[in-house]
Amino acid sequence: MALQQRWQPNVLSTTITNSWHAEAVQKANSRQATRVRQPFASTTIASSVSSAAATTYFQRQRANEVLALKLTLLVQQVLAAHVAIKILAVFTAAAPIVYAGGLLYSVITDSPIQLGLLKVYSVIIRVPGAKVTEEKSLAAGVLMNAFFLAGVFSFAVLIGIVSEEIKLQLKGVRIGNYPVVTADHTLVLNWNRQSTSLLRKMVQDSHGCSKSLGRELVILAEESKDKMDSAILPLLDGSRLRVVTREGAPHSLSDLDAVSAARAKTVILLHPDNAKDADARKTATILGLEAARSHPSMSIGAQRVIVQNPECLAEGRQAAGQSKSLMDLAHQTVKGREMRLVEVNGNRNIARLIAQSAVQPGVASVYSNIAQSTPGAPDFYLRDCGEELHGKTYQEARRSYTEAVVCGLVRHSDRATQLNPSDNTKLHAADRLIVLAHKGDAPSQLGGPQAAPAAPNMEELRQRLQAAVPPEPRPKTVVVLGWGGGVADIASAISEFATAGSEVIFVSQHPPADLPESTPKCSFRYLQGSPFDHDACRRAGVADCHAIIMGTLECEEGKAADARTLASLLVVQDLVSDRPLPASTPHVVAAIHRQGTVRTARHILKDLGRDRLTAELLQPNELASGMLLQVANEPGLAPALSELIDNSIGQEIYLRRPERYSLDSGHSATFAEVVELARLRGETALGYVTGDGSLALAPEAMSRHHFTKSSRVVVMAES
C-alpha cells in the first residue's frame, strides 16, 4: 500500500492500473467460486482474501514491467555507446555464464575450476583448437555442446557489433559533414538548376577554367549531400577535378568556416531556386564571408565573389530614382576590402532571344557558341594595352589583331566598359581591350601593332557601301505551339524584331490571358487546340510558316517540359514530311531544359525530318552556366557580357544580310574588309554564317570567304 501511495500515475497509468486490478479481482473471485460454498459468516474473510490476492498480483505485474523497462533502457544506452563499450558489455554479460559453466564443468569432470573456466571460455568465443567432442562423460559432452551453441549466438552478436560500427564509420565518411581544410580553392555556394551544367563545364575545362579556378572545388548548399553526390559523380569520370560536397546553410558563419570559405580564391554564389528571400540569403552569405575573413588570425589573399543575380542590370544602367537593393548595400559594405564582388545575371531573357532567333535564324547559335564554349568556338579575353598601344586610337588597336576580333575596351580611369566604341577613341597604357579569340590564341600571343596588315582602301570601301542595295525585309509568319506561362513577353519581342505585316499564331488549349492586341506592324491570333494535335497544327500552317516556337520557360520540372517539346516536334516533322519539297523550310526554335533531350531532338530533325526542318535548340541552363564560368575566370568581363547577353539595352548581336555591305557581288572578300565595311555602319563584325549554315566566329583577318545570298554577317550593334 505504501508503494501505491508513492506512485502517482497519470491518466493512462490509472486506466491500466484499474484494468489490472479488475482482472486480478476477477481471477481471485473465479478461484473462490470453485470452492465449496461457505456459510454467510465466512463471506467477509473470502472478500478480504480476494482483495489481498489482487494487490499481490498487481505488485508483481508492476515489478516485472519496471524491470523490463529498465533492461530495455540499458540495452538502448549500450547500443548507442562507443563500440568499446558495446564489446565490454557483451563480455560483462557473458562473464557470469562462463563462471557458472566452468564451475559446473569442474563438478561433472572432477577437474580444477581453472580448467573448467578456460574450457567454457574457449568454446563460447570459438578459440581455434577448442573442441567439444573429446569429452568422456555424457553430461560433460552435453554441457559443452550447449555452450558451443550459446557461443555461436554470442560470437554472432560480437561480429554484428563490430561490422555495424565499421559500416557506420564508412557511411559517416561518405556523407558526413567533416570540416574541409584547404586553401586557394573554388567554392560554390547554393544549388540550383544551373549547378550541374556549371560543374560539367568545369570538368570539361571550358573557357580554360582550370588555370584560374584550379582543380579543387568545394560545394556548400542546403541540399541533400546524397543528391549532390549522385548528380556530380557521373560527371567526374576521368577528370582530375576534385569535388567535395557539404550540406549546410551558406549564410551560416559556422558552415562557411567548415568549408574554409575565408581561404577560397574564388566564390561562386548561385541564386537559390524558388526562394522568396533569395536576396536576403545571398546578402547574409556575403556578410558571412566578410566576417569569416575579418578574423585577426587570418592571413589571407584577395578573394573574388561572383554573385548570380537575375535582376541585375548592366553596369551604369540602374534606373534613376530606384531605391538601393540589398545587393547594392552589400557592394558598399565590401568596397575597398580584399574581397571583389562581381554581379552577373546569368539568366538571359530567353523569351526575347527565342523571338529574335525566330525572326533572324542563327542568333541563338551565336550566343550559345560564345557563352557555352562549344568546341571550336572562341572566348572573350581581356588584353592589356600596354605602352605599345598607349596614345594610339581604337582603330589602330583593333587593326593590330590579325587572329582575334577586338570588341571593346575597359577604361582604367573609371572602370567603365565600352563595347563597339568610336574608332577615334584614344587609349591609355592601363586600359584593357576586350577581344574575341580562340582558346589556342592566348592573350599574350595575339600580336601587336607591328603585326597589323596593310591598311585597306577606305575610300573604295565607302563607295562600295554607298552602292549597296539591301533587299527589303519580308514579313514573317511565326507559329507558337503551347508556350507555357504568359505570352506577352515573347509577343512583344517578336513585334520588336519582325518586319511590318508579320503574323504570330498562338496554338494552345486555352486562350492566353495576356494575348496582346494586334498592331500595324504585327498581328496576333489565337487558335484553340493541342500543340500535339495534327489537325490543330495543320490549321495553324506549321508546314508553310517561316518559324515555329515551342517549349516553355515556366515549368519547374524539366523532364515534363522537354517531353511536351519533343511531342510537338514530332508532330511538326510529320506534317512537313507529308508535303512536297518546299523552296524554304520552317525554322524551329525550342527551349530545352535537359542535356539528354538534345540528342533525341536532333534525331527527330535529321533522321525523321529528312532535313526539311532547320532548328536551334536553346538550352537556358547551359547559357547561364557558361556565362557564370566566363566571369569566374575573368571578372572584368562581367559588364560586357551582361550588356551583350543579358540585357536588351546597349549592344546586341545581329545577323545581317551580305547585301547590306555590298558583299553579294560574287567575289570573295577578306574578313578584314568585312570588319571595315561593318565599322563604316557603326558595327563590329564578329564573323559570318556560310551558305550551308556553318558558323565562323573570329576568323583570321586575311582569310577569304565567298558570300552568297544565304550567307549572313554576324555583327555587334546598338539594339
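View 1. Ser523 is partly exposed, with a relative accessibility of 27%; buried means under 20% relative accessible area, exposed over 50%, and partly exposed in between (1.4 Å probe, protein chains only). The residue belongs to strand β13, residues 522–528. Helices (H or I, at least four residues) and strands (E, at least two) are DSSP runs, numbered from the N terminus. Residues up to four places away in sequence aside, Ser523 touches Ser502, Glu503, Val504 and Ser518, where contact means heavy atoms within 4.5 Å. Between the C-alpha atoms of Ser523 and Thr477 there are 9.7 Å in space, and the two residues are 46 apart in sequence.

The structure shown is a predicted model, in which local features need pLDDT of at least 70 and side-chain atom pairs count only at pLDDT 80 or more, while totals for chains, interfaces and linings use all residues. Residues are numbered from 1 along each chain as its sequence is written, and side-chain values use heavy atoms, with hydrogens and water left out.

**View 2. The packing of helices α14 and α22.** Helix α14 (residues 363–372) packs against helix α22 (residues 620–633) at an angle of about 40°, and their axes are 8 Å apart. Axes are lines fitted to C-alpha atoms, for helices over the stretch in contact, and angles run from 0 to 180 degrees between N-to-C directions. The angle makes α14 oblique to α22; angles under 35 degrees count as roughly parallel, over 145 as roughly antiparallel, 65 to 115 as roughly perpendicular and the rest as oblique. From α14, Tyr367, Ser368, Ile370, Ala371 and Gln372 meet Glu622, Leu623, Gly626, Met627 and Gln630 of α22. This contact comprises five nonpolar, four polar and one charged residue. Ala, Val, Leu, Ile, Met, Phe, Trp, Tyr, Cys and Pro count as nonpolar, Asp, Glu, Lys and Arg as charged, and the others, Gly among them, as polar.

View 3. Four strands, in the order β7-β10-β8-β9, form an open sheet with antiparallel pairing; two strands pair if DSSP finds at least two bridges between them. At the edges are β7 (379–384) and β9, each of which pairs on one side only. Three bridges join β8 and β9 in the antiparallel sense, and Leu409 stands opposite Gln418 in β9. The loop between β8 (405–410) and β9 (417–419) contains Arg415. Although Arg415 is not a glycine, its phi is positive, about 60°. Arg415 counts as exposed, at 58% relative accessibility.

**View 4. Ala698 in a loop.** Ala698 is in the loop between β20 (695–697) and β21 (704–706). Its phi is positive, near 50°, in a residue other than glycine. Ala698 is buried, at a relative accessible area of 3%.

**View 5. The largest nonpolar core.** This core has 97 residues, and those with the most contacts inside it are Ile354, Phe380, Ile490, Ile549 and Leu686. A nonpolar core is a set of buried Ala, Val, Leu, Ile, Met, Phe, Trp, Tyr and Cys residues joined through side-chain atoms within 4.5 Å. Helix α13 (residues 350–359) gives the most to the core, with seven residues.

**View 6. Helix α7 and the residue after it.** Helix α7 (residues 195–203) is largely enclosed by the rest of the structure, because eight of its nine residues are buried. Among them are Leu198, Arg200 and Lys201. Asp205, which follows α7, has a positive phi near 60°.
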